[in-house]
Amino acid sequence: MVSDENTKVVLKVENVEKSFRLPTEQASGLKQLLINWTKGIKGYREQQVLKGISFEVHQGDFFGIVGRNGSGKSTLLKLISQIYVPERGSIAVDGKLVPFIELGVGFNPELTGRENVYLNGALLGFSRSEIDEMYDDIVEFAELEDFMDQKLKNYSSGMQVRLAFSVAIQARGDILVLDEVLAVGDEAFQRKCDTFFAKVKKDPTKTVILVTHSMDAVKKYCNKAILIKDGEIVVSGNKDDVADRYSIENSKVCEAGVSADGYEVGLNEIVRSLSIVPESPLVCDGRSPFTFSIEYDVEGIDSVFLAVMLHDLKRGGLPFYSEDIPVEGGKGTAKFSLPLDVLNPGQYKLVAYVRKLVDESDPDSRDTEFVGFTNDARSCAFIIRNPELNSFALLTPSGLSLERLA
């Protein structure tokens, strides 16, 4: 599925805003309601979920919408699907739009699988004769041939989702709105779904709007994407830029918690401050070294050492751990450069550590011990993106080569 700017616009979202009223004080009766009104107490507060959202989707697009929970994605989907009405702005749809927002809505646990297929199909707008024609395909795709005459309440949750998804994909729409449906079922069923979406992607008459937390899915299926943060679009267009920005934003979501002694996680009365400040771009090609600074405030010890650990966030493991690097105590900044040319594309995180001598009274001692570290909020995540290299292995061929002995 490939579109260009010359194809027609099938979905246009222009300056859309949406707010919800959250109750703050419940009036116990008419008298209290009047008192609150005279005092100017509304009993609710306005929460603006979407703030001037605008974008266009062309026919043939596989369009990704990503963002953290609470960013406004689900609200946007419900506006597109005409479940909600925008307070400001407009949404124009050209074609038949079929939303797959909540799989299984309308299923009755007291009915059999067969009866639920007809019930759910009717909710999607199919006639009985149309469901008759597609029934065998639905059952075969769901792999539930032996269970269709059992009541749905006896199905496992996975079986219910498979049945709901199998009914939903039969919908003959021009625009498919998919909310996290790529994660349904077990691994074997997901492979079957993958084949289905690969087929849909090649159909120039089909347009797909995909909401997902899987950046692999965005890079694999989508040709365009947007990233929503706090109700606003912060990145739009290139799917790789959107996916990488989301990954970096997601690595920063952990706030620096405070321990019982009043210090942030990783800090204490000795290590009062410790942060990694990147100087290189957070999305790089891996050809140039990654430069960064460590800002620290270490008091109470004479011999201060810094160490850096590199985490592989995609494949797991620790590709690199530095030696202890001596620095002056007190407040300071140390600048570093880390070569990346041996690493394949992926998502990485740098964590800094402060260490001290185990025995400071021994001038010949080289044994050090851990004192503090950078928490998630103060560490540094970055991404290596290079289409010329693979991403399933950690090291490039130049980083580690195989030598034939015989």
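Which side chains meet in a salt bridge at 2.9 Å, N to O? Asp 376 and Lys 349 do. The legends below describe close-up views of a predicted model.

**View 1. Asp 376 and Lys 349 meet in a salt bridge.** The N to O distance is 2.9 Å. Asp 376 sits in the loop between β18 (368–373) and β19, and Lys 349 belongs to strand β17 (residues 346–357), so this pair ties together parts 27 residues apart in sequence. The two partners differ in cover. Asp 376 has a relative accessible area of 32% and is therefore partly exposed. Lys 349 counts as buried because its relative accessibility is 15%, and the cut-off for buried is under 20%.

**View 2. Glu 388 forms a salt bridge with Arg 287.** Their side chains meet at 3.1 Å, N to O. Glu 388 lies in the segment after β19, while Arg 287 lies in the loop between β11 (283–284) and β12, so the contact ties together parts that are 101 residues apart in sequence. Glu 388 counts as exposed because its relative accessibility is 64%.

**View 3. Glu 110 and Lys 153 are joined by a salt bridge.** The side chains meet at 3.4 Å, N to O. This pair links distant parts of the chain, 43 residues apart. Glu 110 is in the loop between β5 (97–100) and α3 (113–123). Lys 153 is in the loop between α4 and α5. Glu 110 is partly exposed, at 42% relative accessibility. Lys 153 is also partly exposed, at 46%.

View 4. In the whole structure, a search finds 19 salt bridges. Side chains of opposite charge can pair when their charged atoms come close.

**View 5. Strand β12 pairs with β10 and with β16.** β12 spans residues 290–298. Strand β10 (residues 271–278) pairs with β12 in the antiparallel sense, over seven bridges. Within this pairing, Ser 275 has Glu 295 of β12 as its bridge partner. Strand β16 (residues 330–338) pairs with β12 over nine bridges, again in the antiparallel sense. Here Asp 297 stands opposite Lys 331 of β16. How many of the nine residues of β12 are buried? Seven are, and the strand is mostly covered.

**View 6. Acidic side chains form a negative surface patch.** Its members are Asp 136, Asp 137, Glu 140, Glu 145 and Asp 146. Asp 146 lies in the loop between α4 (128–142) and α5 (157–168). Is Asp 146 buried or exposed? Asp 146 counts as exposed because its relative accessibility is 70%, and the cut-off for exposed is over 50%.

**View 7. Val 342, Leu 395 and Leu 400 form a nonpolar patch on the surface.** Together they have about 250 Å² of accessible area. Leu 400 is found in the segment after β19 (380–384). Leu 400 counts as exposed because its relative accessibility is 63%.

How values were computed. Residues are numbered from 1 along each chain as its sequence is written. This is a predicted model: local features need pLDDT of at least 70, side-chain atom pairs count only at pLDDT 80 or more; totals for chains, interfaces and linings use all residues. Side-chain values use heavy atoms; hydrogens and water are left out. Patches are made of residues with over 30% relative accessible area and no salt bridge: like charges are joined within 9 Å, nonpolar side chains (Val, Leu, Ile, Met, Phe, Trp, Tyr) within 5 Å. Accessible areas come from the Shrake-Rupley method with a 1.4 Å probe; for residues, only the protein chains shown count as cover. A salt bridge is a side-chain nitrogen of Lys or Arg within 4 Å of a carboxyl oxygen of Asp or Glu. Lys and Arg count as positive and Asp and Glu as negative; His and the chain ends are not counted. The place of a charge is taken as NZ of Lys, CZ of Arg, CG of Asp or CD of Glu. Helices (H or I, at least four residues) and strands (E, at least two) are DSSP runs, numbered from the N terminus. Buried means under 20% relative accessible area, exposed over 50%, partly exposed in between (1.4 Å probe, protein chains only). Two strands pair if DSSP finds at least two bridges between them.
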